[in-house]
Amino acid sequence: MGAISEPLTLKAGALEVGLVPAIGGSVSFLRWRGIDLMRQLSDGDREAGNVLGVAMFPMTPYANRIARNSFDFAAKRWRVLPNNPPEKFNVHGSGWQNAWTVAEAGAAEATLSLDIAGGAEPYSYRTTQRCAVSGEGLSVTMTLTNTGRETLPFGFGLHPWFDRDPDVTLRFKARRFYLEEPEGISGDPITLPQELDFAGGRPLPGGWRNNDYGGWNGEAAIRFPARGAGLRIKADPVFGHLMLYADPARPYFCVEPQTNASGAFNRGRWDDPEEGVIVLAPGQSAGGTVWFVPFALAG
C-alpha cells in the first residue's frame, strides 16, 4: 500500500477503533458496545488537525520532557528544540507531531509507519505501530529502529486520554514515585508512599498530579461506573513506567505506558535498568505491545 494517511476504522465484534494517521499516527476513538472508553476526537479538533485532542498518540523516540532541551551521551551534548509552546522544553519527541502513513490495512488491523531523517533533531529513526482489534480488545505493537549513524538512547510509549467522569477509578501497582520539578520536569524517585498508591483502586486525586510511577507491573484498570464499563491496560515488560497526568481543572486525565522513566535522559544513568532507556546502535531495533481490553461492570 502506498503513502496513504486517510482515517481508518477497525472493527471486531463489539469493538471499534478509529485511526487518524495524518494526525500524529493517533487513535481517534475506542468504542465498545457503543461506549466510548477513551476521549473521542471532536470534529473541530479533527478538522484543525489538533493532536492534543485525540484519544491516544504515540511517544517516540522518547517519552516525556528533555530538561534544558539537551542531554549528554557518549561524551557529546545533544540538543533538541521546544515543540509544544508555551512549554519551554521538548516533550514526547517528534512522532506525535508528524503524519504517519498506512503501510498495511484490513478490516481489523492496520500498520502505521513513520520515517524521521534527522534535520532539526539528532534522531533518525523508523517507527511502526501495528494496531489490531479482536473480540478481546485493541493491541498496539510499537517498533523503533535507529536509522541514523550514531548510537543514541531511545524510548517509546503510548499517550491515551480518558474522560474524567466524576465516579472514575484507577488501579495499578508500582514500586516508585518520581517527584515533579518546575516546568513539568521529573525529579528524584522515592519509594511509593501509601497516600500515592493505586494498588487497591481509588478515585483520581483531588489535586494536581503529573508523575511517573516506576517499577510498574504492566497492568492497570480504569473503571467508569456511570458507563457500566471499564478498560484494562496490559503491557509487555519493556514498558516499566506508567505516567499519570490528572488536573482537576481539566475534563480528562492520562495514563501513559512508557519504556523510559520521565527525566531519564537528563539523569544519564544509561545502564540503570530502572531508568528504562534503550540504547540503540545504528540498525538496531526495539519494540513492545500494549493491550487495551474493555470489560463490563457488574450490576
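**View 1. A network of salt bridges links Arg-267, Arg-269, Asp-272 and Glu-275.** In this predicted model, local features need pLDDT of at least 70 and side-chain atom pairs count only at pLDDT 80 or more, while totals for chains, interfaces and linings use all residues. Residues are numbered from 1 along each chain as its sequence is written, and side-chain values use heavy atoms, with hydrogens and water left out. A salt bridge here is a side-chain nitrogen of Lys or Arg within 4 Å of a carboxyl oxygen of Asp or Glu. Burial is judged by relative accessible area, where buried means under 20%, exposed means over 50% and partly exposed lies in between, with a 1.4 Å probe and protein chains only. Glu-275 is buried, with a relative accessible area of 2%, whereas Arg-267, at 21% relative accessibility, counts as partly exposed.

**View 2. Two further salt bridges, Glu-274 with Arg-176 and Glu-183 with Lys-88, link distant parts of the chain.** Side chains of opposite charge can pair when their charged atoms come close. A search of the whole structure finds 15 salt bridges. In the bridge between Glu-274 and Arg-176, the closest N and O atoms are 2.8 Å apart. Glu-274 belongs to the loop between helix 2 (264-267) and strand 23 (278-280), and Arg-176 belongs to strand 15, so that the partners are 98 residues apart; helices (H or I, at least four residues) and strands (E, at least two) are DSSP runs, numbered from the N terminus. Glu-274 counts as partly exposed at 33% relative accessibility, while Arg-176 counts as buried at 13%. In the bridge between Glu-183 and Lys-88, the closest N and O atoms are 3.5 Å apart. Here Glu-183 lies in the loop between strand 15 (176-180) and strand 16 (186-191), and Lys-88 lies in the loop between strand 7 and strand 8, with 95 residues separating them in the chain. Glu-183 is partly exposed, with a relative accessible area of 42%.

**View 3. Phe-57 and Trp-96 form a stacked aromatic pair.** Rings of Phe, Tyr and Trp (its six-membered ring) pair if their centres lie within 6.5 Å, and planes under 30 degrees apart count as stacked, over 60 as edge-to-face and the rest as tilted. By this rule the count comes to 18 aromatic pairs. The rings of Phe-57 and Trp-96 have their centres 4.9 Å apart and their planes at 20°, which is why the pair is stacked. Because Phe-57 lies in strand 5 (residues 56-59) and Trp-96 in the loop between strand 7 (76-79) and strand 8 (101-105), the pair ties together parts that are 39 residues apart in sequence. Phe-57 counts as buried at 1% relative accessibility, and Trp-96 counts as buried at 2%.

**View 4. Phe-172 and Tyr-213 form an edge-to-face pair.** Their ring centres are 4.9 Å apart and their planes stand at 85°, so the pair is edge-to-face. The pair links distant parts of the chain, with Phe-172 in strand 14 (residues 169-172) and Tyr-213 in strand 18 (residues 209-214), 41 residues apart. Phe-172 counts as buried at 3% relative accessibility, and Tyr-213 counts as buried at 0%.

**View 5. Arginine side chains lie over the rings of Phe-224 and Phe-295.** A charge sits over a ring if NZ of Lys or CZ of Arg is within 6 Å of the ring centre and within 35 degrees of the ring normal. Arg-227 lies over the face of Phe-224, at 5.3 Å from the ring centre, and the charged end of Arg-232 sits over the ring of Phe-295, 4.1 Å from its centre.

**View 6. Strand 3 (residues 26-32) runs antiparallel to strand 2 (residues 15-20) and to strand 4 (residues 35-36).** Two strands pair if DSSP finds at least two bridges between them. Six bridges join strand 2 to strand 3, with Val-27 as the bridge partner of Leu-19, and two bridges join strand 3 to strand 4, where Trp-32 stands opposite Ile-35. The hairpin of strand 2 and strand 3 has five residues between the strands, and in this hairpin Gly-24 takes a positive phi near 70°. Strand 3 is mostly covered, seven of its seven residues being buried.
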